[in-house]
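User: I would like to go through the labels used for this model and the criteria behind them. Please set each value against its cut-off.

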Amino acid sequence: MMLQGILEGNTDRESLLEWINDYEGEGITKSIKFDENGEPENISVWAYKVENGEIVADQEIETD
């Protein structure tokens, strides 16, 4: 995400921070948007377990 901001011409700290704060788009696993404090919205936390020697997702944990 930060690389995209730099490629769009935000090469100093202030302009890159502004770009990130206004960012809304696809991340690696989901859509990402930041709140007014710069924290990601819609945080998801997952529990994982080991089955047959493999790590697999078990369930999403409520964060609210």
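User: Which strand gives the largest share of the nonpolar patch?

Analyst: Strand E3 (residues 45-51) does, with 3 residues; strands are DSSP runs (E, at least two residues), numbered from the N terminus. The patch consists of Trp46, Tyr48, Val50 and Ile55, with about 490 Å² of accessible area together. Ile55 lies in strand E4 (residues 54-61). This is a predicted model, in which local features need pLDDT of at least 70 and side-chain atom pairs count only at pLDDT 80 or more, while totals for chains, interfaces and linings use all residues. Residues are numbered from 1 along each chain as its sequence is written, and side-chain values use heavy atoms, with hydrogens and water left out.

User: What makes a set of residues a nonpolar patch?

Analyst: Each residue needs over 30% relative accessible area and no salt bridge, and nonpolar side chains (Val, Leu, Ile, Met, Phe, Trp, Tyr) are joined within 5 Å. Areas come from the Shrake-Rupley method with a 1.4 Å probe.

User: Why does Ile55 count as exposed?

Analyst: Its relative accessibility is 67%, and exposed means over 50%, buried under 20% and partly exposed in between. Ile55 is therefore exposed.

User: Why does Trp19 count as buried?

Analyst: Trp19 has 15% relative accessibility, so it counts as buried. Tyr23, at 16%, is buried too. Both belong to the largest nonpolar core, 5 residues in all: Leu16, Trp19, Ile20, Tyr23 and Phe34. Such a core is a set of buried Ala, Val, Leu, Ile, Met, Phe, Trp, Tyr and Cys residues joined through side-chain atoms within 4.5 Å.

User: How many aromatic pairs are there, and why is the pair of Trp19 and Tyr23 called tilted?

Analyst: There is 1 aromatic pair. The ring centres of Trp19 and Tyr23 are 5.2 Å apart and the planes stand at 45°, so the pair is tilted. Rings of Phe, Tyr and Trp (its six-membered ring) pair if their centres lie within 6.5 Å; planes under 30 degrees apart are stacked, over 60 edge-to-face, and the rest tilted.

User: What makes Lys49 and Glu51 a salt bridge?

Analyst: Their closest N and O atoms are 3.1 Å apart; the criterion is a side-chain nitrogen of Lys or Arg within 4 Å of a carboxyl oxygen of Asp or Glu. Asp58 also forms a salt bridge with Lys49, at 3.4 Å. Through shared partners, Lys49, Glu51 and Asp58 are joined into one network. The whole structure holds 2 salt bridges.

Key
Buried means under 20% relative accessible area, exposed over 50%, partly exposed in between (1.4 Å probe, protein chains only). Patches are made of residues with over 30% relative accessible area and no salt bridge: like charges are joined within 9 Å, nonpolar side chains (Val, Leu, Ile, Met, Phe, Trp, Tyr) within 5 Å. Helices (H or I, at least four residues) and strands (E, at least two) are DSSP runs, numbered from the N terminus.
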